[in-house]
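Please keep the sequence and the model side by side while reading.

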Amino acid sequence: MSARRPLVAGNWKMNGMPDAIGELRATMAGAGDARCDVLVCPPFPLVADFAREAGEGAVGIGAQDCHPEEKGAHTGDVSASLLAAIGARAVILGHSERRADHGEDDALVRAKAEAALGAGLLPIVCVGETEAQRDAGEAEATVLGQLDGSLPDDAGVVVAYEPVWAIGTGRVPGTDDIAAMHAAIRKALVARHGEAGQGIRILYGGSVKPGNAAEIFAIDDVDGGLIGGASLKADDFLGIVAAA
Ligand code: PEP
(Lines give C-alpha, C1' and ligand atoms only; values in the text may rest on other atoms or scores of the structure.)
Protein backbone atom coordinates (compact mmCIF):
# COMPACT_ATOMS: atom_id res chain seq x y z
CA MET A 1 0.00 0.00 0.00
CA SER A 2 1.33 3.43 -0.91
CA ALA A 3 1.67 6.43 1.37
CA ARG A 4 -1.48 7.84 -0.20
CA ARG A 5 -4.44 7.34 2.13
CA PRO A 6 -7.08 5.37 0.23
CA LEU A 7 -10.47 6.89 -0.44
CA VAL A 8 -13.74 5.05 -0.92
CA ALA A 9 -16.47 7.32 -2.28
CA GLY A 10 -20.09 6.29 -2.75
CA ASN A 11 -21.91 7.83 -5.72
CA TRP A 12 -25.63 7.48 -5.02
CA LYS A 13 -26.56 8.99 -8.42
CA MET A 14 -30.32 9.74 -8.59
CA ASN A 15 -31.16 7.33 -5.78
CA GLY A 16 -32.24 7.86 -2.20
CA MET A 17 -35.15 9.56 -0.47
CA PRO A 18 -34.85 11.47 2.82
CA ASP A 19 -35.26 8.28 4.86
CA ALA A 20 -32.05 6.97 3.28
CA ILE A 21 -30.29 8.88 6.02
CA GLY A 22 -30.62 5.55 7.85
CA GLU A 23 -28.04 4.09 5.44
CA LEU A 24 -25.75 7.03 6.17
CA ARG A 25 -26.13 6.41 9.91
CA ALA A 26 -25.33 2.73 9.45
CA THR A 27 -22.30 3.65 7.34
CA MET A 28 -21.11 6.09 10.01
CA ALA A 29 -21.55 3.46 12.70
CA GLY A 30 -19.45 0.96 10.76
CA ALA A 31 -16.79 3.27 9.37
CA GLY A 32 -15.55 4.81 12.61
CA ASP A 33 -12.24 2.96 12.58
CA ALA A 34 -11.81 2.79 8.79
CA ARG A 35 -8.22 3.09 7.62
CA CYS A 36 -9.28 5.04 4.58
CA ASP A 37 -11.21 8.21 3.84
CA VAL A 38 -14.92 7.56 3.25
CA LEU A 39 -17.34 9.76 1.34
CA VAL A 40 -21.05 9.45 0.64
CA CYS A 41 -22.33 11.56 -2.30
CA PRO A 42 -26.14 11.69 -2.31
CA PRO A 43 -28.37 13.76 -4.65
CA PHE A 44 -28.24 17.55 -4.10
CA PRO A 45 -31.36 17.90 -1.91
CA LEU A 46 -29.97 15.44 0.65
CA VAL A 47 -26.50 16.99 0.93
CA ALA A 48 -27.29 19.52 3.68
CA ASP A 49 -29.11 17.06 5.99
CA PHE A 50 -26.49 14.39 5.42
CA ALA A 51 -23.64 16.82 6.10
CA ARG A 52 -25.32 17.96 9.32
CA GLU A 53 -25.69 14.34 10.39
CA ALA A 54 -22.11 13.43 9.45
CA GLY A 55 -20.58 16.46 11.17
CA GLU A 56 -16.81 16.30 11.46
CA GLY A 57 -16.86 12.50 11.67
CA ALA A 58 -15.09 9.83 9.64
CA VAL A 59 -17.65 9.85 6.82
CA GLY A 60 -17.59 12.97 4.64
CA ILE A 61 -20.43 14.11 2.42
CA GLY A 62 -19.93 15.05 -1.21
CA ALA A 63 -22.05 16.16 -4.16
CA GLN A 64 -22.23 14.77 -7.70
CA ASP A 65 -21.77 17.99 -9.70
CA CYS A 66 -21.40 21.75 -9.39
CA HIS A 67 -21.55 24.77 -11.68
CA PRO A 68 -18.28 26.50 -12.63
CA GLU A 69 -19.56 29.92 -11.60
CA GLU A 70 -20.24 31.11 -8.10
CA LYS A 71 -23.70 32.58 -8.70
CA GLY A 72 -25.95 33.92 -11.40
CA ALA A 73 -28.67 33.09 -13.88
CA HIS A 74 -28.18 29.32 -14.13
CA THR A 75 -31.55 27.76 -13.41
CA GLY A 76 -31.31 24.40 -11.73
CA ASP A 77 -27.58 24.56 -11.10
CA VAL A 78 -25.71 24.60 -7.80
CA SER A 79 -22.45 26.40 -7.06
CA ALA A 80 -19.41 24.87 -5.39
CA SER A 81 -19.46 27.59 -2.76
CA LEU A 82 -23.05 26.75 -1.78
CA LEU A 83 -22.10 23.08 -1.49
CA ALA A 84 -19.17 23.99 0.75
CA ALA A 85 -21.38 26.29 2.82
CA ILE A 86 -23.85 23.48 3.56
CA GLY A 87 -21.10 21.12 4.65
CA ALA A 88 -20.00 19.18 1.57
CA ARG A 89 -16.33 18.22 1.53
CA ALA A 90 -16.03 16.96 -2.04
CA VAL A 91 -17.70 16.88 -5.43
CA ILE A 92 -17.69 14.29 -8.22
CA LEU A 93 -17.06 15.96 -11.59
CA GLY A 94 -17.12 14.78 -15.19
CA HIS A 95 -18.81 11.46 -14.43
CA SER A 96 -19.45 9.63 -17.71
CA GLU A 97 -23.20 9.89 -17.11
CA ARG A 98 -22.92 13.69 -16.98
CA ARG A 99 -20.61 13.73 -19.99
CA ALA A 100 -23.19 11.62 -21.90
CA ASP A 101 -26.48 13.01 -20.52
CA HIS A 102 -25.49 16.67 -20.36
CA GLY A 103 -22.79 16.93 -23.02
CA GLU A 104 -20.12 17.96 -20.53
CA ASP A 105 -16.72 18.29 -22.17
CA ASP A 106 -13.23 18.39 -20.71
CA ALA A 107 -13.02 22.19 -20.60
CA LEU A 108 -16.25 22.41 -18.61
CA VAL A 109 -15.10 19.71 -16.21
CA ARG A 110 -11.84 21.59 -15.68
CA ALA A 111 -13.73 24.83 -14.98
CA LYS A 112 -15.90 23.01 -12.47
CA ALA A 113 -12.83 21.50 -10.81
CA GLU A 114 -11.27 24.95 -10.50
CA ALA A 115 -14.48 26.27 -8.94
CA ALA A 116 -14.54 23.35 -6.51
CA LEU A 117 -10.95 23.99 -5.44
CA GLY A 118 -11.71 27.66 -5.03
CA ALA A 119 -14.57 26.79 -2.70
CA GLY A 120 -12.43 24.42 -0.65
CA LEU A 121 -14.01 21.23 -2.00
CA LEU A 122 -12.08 18.15 -3.07
CA PRO A 123 -12.81 17.57 -6.78
CA ILE A 124 -13.06 13.92 -7.86
CA VAL A 125 -12.47 14.14 -11.61
CA CYS A 126 -13.76 11.15 -13.59
CA VAL A 127 -12.25 9.81 -16.80
CA GLY A 128 -12.81 6.60 -18.73
CA GLU A 129 -13.11 5.05 -22.15
CA THR A 130 -16.17 3.55 -23.84
CA GLU A 131 -16.18 -0.05 -24.95
CA ALA A 132 -15.82 1.02 -28.59
CA GLN A 133 -12.75 3.07 -27.71
CA ARG A 134 -11.21 0.11 -25.86
CA ASP A 135 -11.98 -2.26 -28.74
CA ALA A 136 -10.33 0.19 -31.13
CA GLY A 137 -7.16 0.24 -29.01
CA GLU A 138 -7.83 3.84 -27.99
CA ALA A 139 -8.47 3.40 -24.27
CA GLU A 140 -5.24 4.93 -22.99
CA ALA A 141 -5.20 7.80 -25.47
CA THR A 142 -8.82 8.60 -24.59
CA VAL A 143 -8.22 8.60 -20.86
CA LEU A 144 -4.99 10.61 -21.06
CA GLY A 145 -6.68 13.11 -23.35
CA GLN A 146 -9.56 13.53 -20.90
CA LEU A 147 -7.08 13.96 -18.05
CA ASP A 148 -5.13 16.57 -19.94
CA GLY A 149 -8.26 18.61 -20.67
CA SER A 150 -10.17 18.09 -17.43
CA LEU A 151 -7.58 18.55 -14.70
CA PRO A 152 -6.80 21.94 -13.23
CA ASP A 153 -3.18 22.98 -12.69
CA ASP A 154 -3.61 22.54 -8.94
CA ALA A 155 -2.71 19.02 -7.81
CA GLY A 156 -5.28 19.01 -4.99
CA VAL A 157 -7.63 16.67 -6.80
CA VAL A 158 -8.60 13.01 -6.92
CA VAL A 159 -8.80 11.18 -10.26
CA ALA A 160 -11.36 8.40 -10.77
CA TYR A 161 -10.69 5.99 -13.65
CA GLU A 162 -14.03 4.54 -14.64
CA PRO A 163 -14.28 2.52 -17.85
CA VAL A 164 -17.75 3.45 -19.11
CA TRP A 165 -18.51 -0.14 -20.06
CA ALA A 166 -17.84 -1.33 -16.50
CA ILE A 167 -20.25 1.10 -14.80
CA GLY A 168 -23.33 -0.68 -13.51
CA THR A 169 -22.76 -3.69 -15.75
CA GLY A 170 -21.09 -6.19 -13.44
CA ARG A 171 -18.16 -6.28 -15.88
CA VAL A 172 -14.71 -5.36 -14.58
CA PRO A 173 -11.46 -5.06 -16.55
CA GLY A 174 -8.75 -7.63 -15.83
CA THR A 175 -6.32 -6.68 -13.08
CA ASP A 176 -3.57 -6.24 -15.70
CA ASP A 177 -5.71 -3.74 -17.61
CA ILE A 178 -6.52 -1.76 -14.46
CA ALA A 179 -2.84 -1.79 -13.47
CA ALA A 180 -1.75 -0.60 -16.92
CA MET A 181 -4.26 2.26 -16.98
CA HIS A 182 -3.49 3.41 -13.46
CA ALA A 183 0.26 3.33 -14.22
CA ALA A 184 -0.33 5.42 -17.35
CA ILE A 185 -2.42 7.90 -15.36
CA ARG A 186 0.26 8.11 -12.65
CA LYS A 187 2.92 8.78 -15.28
CA ALA A 188 0.82 11.56 -16.78
CA LEU A 189 0.16 13.09 -13.36
CA VAL A 190 3.87 13.13 -12.52
CA ALA A 191 4.72 14.57 -15.94
CA ARG A 192 2.25 17.35 -15.31
CA HIS A 193 2.66 18.04 -11.59
CA GLY A 194 6.13 16.71 -10.78
CA GLU A 195 6.47 15.15 -7.32
CA ALA A 196 2.98 16.38 -6.37
CA GLY A 197 1.63 13.97 -9.00
CA GLN A 198 2.75 11.09 -6.78
CA GLY A 199 0.38 12.30 -4.09
CA ILE A 200 -2.76 12.40 -6.24
CA ARG A 201 -5.09 9.54 -5.44
CA ILE A 202 -6.34 7.50 -8.41
CA LEU A 203 -9.59 5.65 -7.71
CA TYR A 204 -10.94 2.78 -9.77
CA GLY A 205 -14.70 2.78 -10.45
CA GLY A 206 -16.94 0.33 -12.28
CA SER A 207 -18.81 -2.62 -10.71
CA VAL A 208 -16.75 -2.72 -7.52
CA LYS A 209 -18.49 -5.01 -5.01
CA PRO A 210 -17.54 -6.38 -1.59
CA GLY A 211 -16.43 -9.59 -3.32
CA ASN A 212 -13.93 -8.04 -5.76
CA ALA A 213 -12.82 -4.91 -3.90
CA ALA A 214 -9.81 -6.40 -2.11
CA GLU A 215 -8.33 -7.73 -5.36
CA ILE A 216 -8.84 -4.40 -7.14
CA PHE A 217 -7.53 -2.27 -4.27
CA ALA A 218 -4.36 -4.41 -4.09
CA ILE A 219 -3.33 -3.27 -7.58
CA ASP A 220 -0.46 -0.75 -7.69
CA ASP A 221 -1.65 2.84 -8.00
CA VAL A 222 -5.24 1.98 -7.12
CA ASP A 223 -5.89 4.26 -4.17
CA GLY A 224 -9.48 3.26 -3.45
CA GLY A 225 -12.72 3.28 -5.38
CA LEU A 226 -15.68 5.25 -6.66
CA ILE A 227 -18.66 3.04 -5.94
CA GLY A 228 -22.11 3.32 -7.51
CA GLY A 229 -24.70 0.58 -6.94
CA ALA A 230 -22.86 -1.07 -4.06
CA SER A 231 -22.77 2.20 -2.09
CA LEU A 232 -26.54 2.34 -1.62
CA LYS A 233 -26.68 -0.27 1.12
CA ALA A 234 -24.46 0.34 4.14
CA ASP A 235 -23.56 -3.34 4.52
CA ASP A 236 -22.21 -3.62 0.98
CA PHE A 237 -20.48 -0.26 1.15
CA LEU A 238 -18.84 -1.11 4.47
CA GLY A 239 -17.60 -4.39 2.98
CA ILE A 240 -15.81 -2.33 0.33
CA VAL A 241 -14.53 0.18 2.92
CA ALA A 242 -13.09 -2.74 4.89
CA ALA A 243 -11.26 -3.97 1.80
CA ALA A 244 -9.51 -0.59 1.50
C1 PEP B 1 -20.22 4.92 -10.86
O2 PEP B 1 -21.27 5.26 -11.35
O3 PEP B 1 -19.38 5.77 -10.56
C4 PEP B 1 -19.99 3.50 -10.63
C5 PEP B 1 -18.78 3.10 -10.45
O6 PEP B 1 -21.10 2.68 -10.66
P7 PEP B 1 -21.14 1.11 -10.31
O8 PEP B 1 -20.28 0.90 -9.08
O9 PEP B 1 -22.57 0.81 -10.05
O10 PEP B 1 -20.58 0.40 -11.49
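Directly after helix α8 comes Gly-194, whose phi is positive, near 65°. The model is a predicted one, in which local features need pLDDT of at least 70 and side-chain atom pairs count only at pLDDT 80 or more, while totals for chains, interfaces and linings use all residues. Residues are numbered from 1 along each chain as its sequence is written, and side-chain values use heavy atoms, with hydrogens and water left out.

Helix α8 itself comprises 19 residues, 175-193, and reaches 26 Å from its first C-alpha to its last, close to the 27 Å expected at 1.5 Å a residue; the expected span is 1.5 Å times one less than the number of residues. Helices here are DSSP runs of H or I with at least four residues, and strands are runs of E with at least two, numbered from the N terminus. Among the buried residues of α8 are Ile-178, Met-181, His-182, Ala-184 and Ile-185, and the list also includes Arg-186, Leu-189 and His-193. Buried means under 20% relative accessible area, exposed means over 50%, and partly exposed lies in between (1.4 Å probe, protein chains only). The elements that cover these buried residues include α6 (131-135), α7, β6 (158-161), β7 (201-205) and α9 (210-217), where contact means heavy atoms within 4.5 Å.

Helix α5 can be read in a similar way. In α5 the buried residues are Val-109, Lys-112, Ala-113, Ala-115 and Ala-116. These residues cover an arc of only 160° around the axis, which puts them on the same side of α5; the arc is that of the directions from the helix axis to the C-beta atoms. An α-helix has 3.6 residues a turn, so residues three or four places apart point the same way. On the other side of α5, Ala-107 and Gly-118 are exposed, whereas the buried residues pack against α3 (80-85), β4 (90-93), α4 (96-101), β5 (122-127) and α7 (139-150). α5 is followed by Gly-120, which has a positive phi, near 85°.

His-67 is placed in the loop between β3 and α3, and counts as buried because its relative accessibility is 13%. The side chain of His-67 reaches the backbone nitrogen of Glu-69 at 2.9 Å, and a polar contact of 3.4 Å joins the side chains of His-67 and His-74. A polar contact is a pair of N or O atoms within 3.5 Å; within protein, one must be able to donate a hydrogen and the other to accept it, and residues adjacent in sequence count only if both atoms are side-chain atoms. Ser-79, in the loop between β3 (59-63) and α3, is buried at 11% relative accessibility, and its side chain makes a polar contact with that of Ser-81 (3.3 Å).

What surrounds the ligand? There are 14 residues around the ligand, and the closest are Lys-13, Glu-162, Gly-168, Ser-207 and Gly-228, a residue being near if one of its heavy atoms lies within 4 Å. A polar side-chain atom of Lys-13 lies 2.5 Å from an oxygen atom of the ligand, and a polar side-chain atom of Glu-162 lies 2.6 Å from an oxygen atom of the ligand.
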